[in-house]
Amino acid sequence: MRAAICCGISSTMLGSATRAAELRQSGAANASAAAQQSSGAAKNELARIVTDETGKRVTIPADVKRVVTLAPNLTETIYALGLEERLAGDTDYCDTPPAAKLKPHVGGAQNPSLEAIIALHPDLVLATTSINRIETVDGLAKVGVAVYTTDPQTVRGMLESTARIAGLMGAEALGSALVAKLRARLDAVSARLADVPPVHALFVVWEDPLITIGQNTFIADAMRWAGAESVILSQQKWPHISFEEVVRLQPEYILFASDHAGFGAEELGALRSREAWKQLRAVELGHIAVISEEINRPSPGLVDAIEQLAREVHPEVFRAAENGKVKMENGHGQRQMTHANFGVQELQGLKPGDSSANGLSRLKPRPTNINELRPAL
């Protein structure tokens, strides 16, 4: 069965740190190409040189009129900024908002067609370390196509990336306005949860084998914003864990991500029918939160997912606030929490057909637009 992270999530969801480092090292390999671009830019007063989020220098036009996005979270960001008229193309798995599916597609996030990208004559291509491959960036750079790579690792990082993308497209005011609204919503959630102990939860990335999130992922950061904390402490991005360890830890909530309605009630019944999952008090109590797939994407929609998760795991806080009351405790009392520290194996060997480009949580396989579990630059 499958579980949750179009850019977090999310993705093989591994190797992001390694490949991001490779991308930075590739700056030297691309030095000659960059020099040629810079030389051409010197002749063009409208060109400018920017540094992307991996530290690579990129020459782009001052006026970006056509952009191609290579990940769902980037496509969603363009729409959130109101710049969709400049979106010349995206990937096969860009589906938020639905209008994105009508744009010309260039293939999957891991294996886009360079020819299709070039044929769209983009002024700029947007990539991300969380899902795209270094070979794609290098291949486009060699033929003179400007590629700006984002690398959001936290919720704040997502906001900063959003503002930078707006700036690249000469829409600083739109970026500032959007980011200000998103920050205000996050601040409102934080204010309501200021005096509330966090709920300790297991976020299921993949159900078989059982895979969860490490503490240095944007999903873990989003959980913290929502007043939840992972029961697993791991420096790895997507650690494998044993079900016996989950039973020992007894998380208060089990978290999944889904993109279709009815998932919660249907799958809760399925979980309660399984001997292994019945060992979890969270399952018996119905403490299963099924969150929008936006929890898997470092894009503006992530704030929607944070608000939803906060309401799912702290319903009494929001009921009290809506009733004009001040709630200082969440009704669970003080928690004595044991964390599991994992230095276990990372997710290995998942093929593109095994999961979605977002690393969507799935409790059971079902037909879906599938890409990969967060392969990374």
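Guide: Start with G107, at 16% relative accessibility. The cut-off for buried is under 20%, so G107 counts as buried. Keep in mind that this is a predicted model. G107 sits in a loop, the one between strand 4 (87–89) and helix 4 (114–119). What does G107 contact, leaving aside its neighbours within four places in sequence? The residues are T91, D92 and P112. Y93 is 14 residues away along the chain, and its C-alpha atom is 8.3 Å from that of G107.

Now move to helix 5, residues 134–142. Seven of its nine residues are buried, so helix 5 is largely enclosed by the rest of the structure. The buried set starts with I134, then runs from T136 through V137, D138, G139 and L140 to A141. Just after the helix comes G144, with a positive phi of about 85 degrees.

Next, strand 10, residues 253–258. How many of its six residues are buried? Six of the six are, so this strand too is largely enclosed by the rest of the structure. In a regular strand, side chains alternate between the two faces of the sheet. Take the faces of strand 10 in turn. One side carries Y253, L255 and A257, and these are buried. The other carries I254, F256 and S258, also buried. Both faces are therefore covered.

Strand 10 has pairing partners as well. Strand 7 (residues 199–203) runs parallel to strand 10 and is joined to it by three bridges. Within that pairing, L202 is bridged to I254. Strand 11 (residues 288–292) also pairs with strand 10 in the parallel sense, over five bridges. There, L255 has A289 as its bridge partner.

In soluble globular proteins, nonpolar side chains tend to be buried together. The largest nonpolar core here has 66 residues. Which of them touch the most other members? They are L124, L126, F203, L255 and I295. Helix 12 (residues 301–313) gives the most to this core, with seven residues.

Finally, the aromatic rings. A pair of them is described by the distance of the centres and the angle of the planes. The structure holds two aromatic pairs. F243 and W277 make an edge-to-face pair, 5.0 Å centre to centre, with 70 degrees between the planes. This pair links distant parts of the chain, 34 residues apart. F243 belongs to helix 9 (residues 243–249). W277 lies in the loop between helix 10 (263–272) and helix 11 (281–284). Both F243 and W277 are buried.

W277 also pairs with F256, and this pair is tilted: 6.4 Å centre to centre, 45 degrees between the planes. F256 lies in strand 10 and W277 in the loop between helix 10 and helix 11, so the pair ties together parts 21 residues apart in sequence. F256 is buried, as is W277. Together, F243, F256 and W277 form one aromatic cluster. That brings the tour back to strand 10, where F256 is on the side with I254 and S258.

Definitions and conventions: Residues numbered from 1 in each chain as written. Predicted model: local features only at pLDDT ≥ 70, side-chain atom pairs only at ≥ 80, totals over all residues. Heavy atoms only, no water. Helix = DSSP H or I, 4+ residues; strand = E, 2+ residues; numbered from the N terminus. Buried < 20%, exposed > 50% of the residue type's maximum accessible area, 1.4 Å probe, protein only. Contact = heavy atoms within 4.5 Å. Pairing = 2+ DSSP bridges. Core = buried A, V, L, I, M, F, W, Y, C linked by side-chain atoms within 4.5 Å. Phe/Tyr/Trp six-rings, centres within 6.5 Å; stacked < 30°, edge-to-face > 60°.
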